[in-house]
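Please look over the sequence and the structure shown below before reading on.

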Amino acid sequence: MNEIAAHILIGVGLGFDLFGCIGLVRLPDVYNRVQAATKCVTLGTCMILVGTLVRAWGAGIEGGSAMGIKALLCAVFILLTSPVAAHAIARGAYKSGVRLWEGSVIDRYGEEKHPSRPPDERTEPARTREPLGASREGR
Amino acid sequence: MTTFLLIGALVLLLSAFLCLYRIGQGPTAPDRTVAIDILGTLVVGFCCIMALWTGHDFYMNVAIAWALLSFIGTIALAKYLEGRYYDE
C-alpha cells in the first residue's frame, strides 16, 4: 500500500518536472518561462520528496526515518525559496530591460512604475551609468 | 521498484537536457538564470531517486545542501542582473 502511494506520488511528480521543462523550452518569453518552469518544477520536486518520505517510512529501509525527515525538510525549504528566486529573477529581468513578448496583453508593473511612458518603452534598461571607459577619456 | 526508479532517473535526465538546451540557447541572461535555477531543483529530485535506489540516506544531505546553495546562487545572479543591460 505504501509502495503504491509512493509510486503514484513520484510518477506524478516526474510528469510535472518533465512538463515544466518542456514549457521552459517552448514558451516565447522570459516571464512566461519563469511562470511555467518554476511552478511545475517546484510542485513536481516536492511530490518526489513526499513520495520519498512515504516510501522510506513505510518500507522500513535501513536509515529510512532519517531519509524521510530530510526529505520533508527539503520539501519545506524548496516550497519557501523557489517562489522567492523566481520573483527575484523576473524583477531583475524587467529592470535589465528585457522586453515583453509582442503577444502579451497587460503589464501592470510597468503601468504602475512608469504611467507616462508608451507601452514599448516601459521596461527600463539601466542607462544611468556611463559606458565603461567613457569617463577616462575626458581626463 | 528498480525499473520504476530507472525510468524516473531517465525522465529527470531528459528534463535536465531540456534545461541545458535553454542554458545554451537562451537569448538573454535571465533565460539562462531561470534554467540554472530549474536545473538545481531537478538535481534535488534526482538525489531523492538515488537515495531510494541505493538505500543510502546521505544522498538526502546532498539534496538539502544543493537546494540551499542553488537558492543563494540564483539570488546572487538575479541581483547581478538588476543593474545591467540584458546582453551584458
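**The nonpolar core and how to read this model**

The largest nonpolar core has 60 residues, and those with the most contacts inside it are A:Ala37, A:Leu49, A:Ala71, A:Cys74, A:Ile89, B:Ile38 and B:Cys48. A nonpolar core is here a set of buried Ala, Val, Leu, Ile, Met, Phe, Trp, Tyr and Cys residues joined through C-beta atoms within 7 Å; a residue is buried if 20 or more other C-beta atoms lie within 10 Å of its own, exposed if 12 or fewer, and partly exposed in between, with C-beta atoms placed from the backbone. This is a predicted model, in which local features need pLDDT of at least 70 and side-chain atom pairs count only at pLDDT 80 or more, while totals for chains, interfaces and linings use all residues. Residues are numbered from 1 along each chain as its sequence is written, and chains are lettered from A and ligands numbered from 1 in the order in which they are written.

**Contact between chains A and B**

- Chain A brings 44 residues to the contact, and chain B brings 43 residues.
- On the side of chain A that touches chain B, the elements giving two or more residues are α1, α2 (30-59) and α3 (64-95) of chain A, and α3(A) gives the largest share, 16 residues.
- That side of chain A divides into 28 nonpolar, ten polar and six charged residues, with Ala, Val, Leu, Ile, Met, Phe, Trp, Tyr, Cys and Pro counted as nonpolar, Asp, Glu, Lys and Arg as charged, and the others, Gly among them, as polar.

**Helices**

- Chain A has five helices and zero strands, so that the pattern read along its sequence is α-α-α-α-α.
- Of the 139 residues of chain A, 40% count as buried, and among the contacts in chain A with a separation of 6 or more, 66% join residues 24 or more positions apart.
- In chain B, helix α2 (residues 29-54) and helix α3 (residues 58-82) pack at an angle of about 175 degrees with their axes 9 Å apart, the axes being lines fitted to C-alpha atoms, for helices over the stretch in contact, and angles running from 0 to 180 degrees between N-to-C directions.
- α2(B) and α3(B) are therefore roughly antiparallel to each other, since angles under 35 degrees count as roughly parallel, over 145 as roughly antiparallel, 65 to 115 as roughly perpendicular and the rest as oblique.
- The residues of this contact between α2(B) and α3(B) divide into 18 nonpolar, four polar and one charged.

**Single residues**

- B:Gly45, in helix α2 of chain B, counts as buried because 31 C-beta neighbours lie inside 10 Å, and B:Gly45 touches A:Asp17, A:Thr45, A:Ile48 and B:Leu12, not counting residues up to four places away in sequence.
- The C-alpha atoms of B:Gly45 and B:Leu12 are separated by 7.9 Å, although these residues are 33 residues apart along the chain.
- B:Gly24, in helix α1 of chain B, counts as exposed because it has 9 C-beta neighbours inside 10 Å.
- A:Leu43, in helix α2 of chain A, is partly exposed, with 18 other C-beta atoms within 10 Å.

**Confidence**

- The mean pLDDT, where pLDDT is the predictor's confidence in each residue, from 0 to 100, is 82 for chain A, and 83% of the residues of chain A reach 70 or more.
- Among the elements of chain A, helix α5 (residues 134-138) has the lowest mean pLDDT (46) and helix α1 (residues 2-26) the highest (93).
- Over residues 130-139 of chain A the pLDDT is below 50, and this stretch has one contact in the model beyond near neighbours in sequence.
- Where pLDDT is low, the predicted coordinates should not be read in detail.
- Chain B has a mean pLDDT of 88, with 93% of its residues at 70 or more, and the predictor gives the complex an ipTM of 0.89 and a pTM of 0.84.

Key
Helices (H or I, at least four residues) and strands (E, at least two) are DSSP runs, numbered from the N terminus. Two residues are in contact if their C-beta atoms, placed from the backbone, lie within 7 Å.
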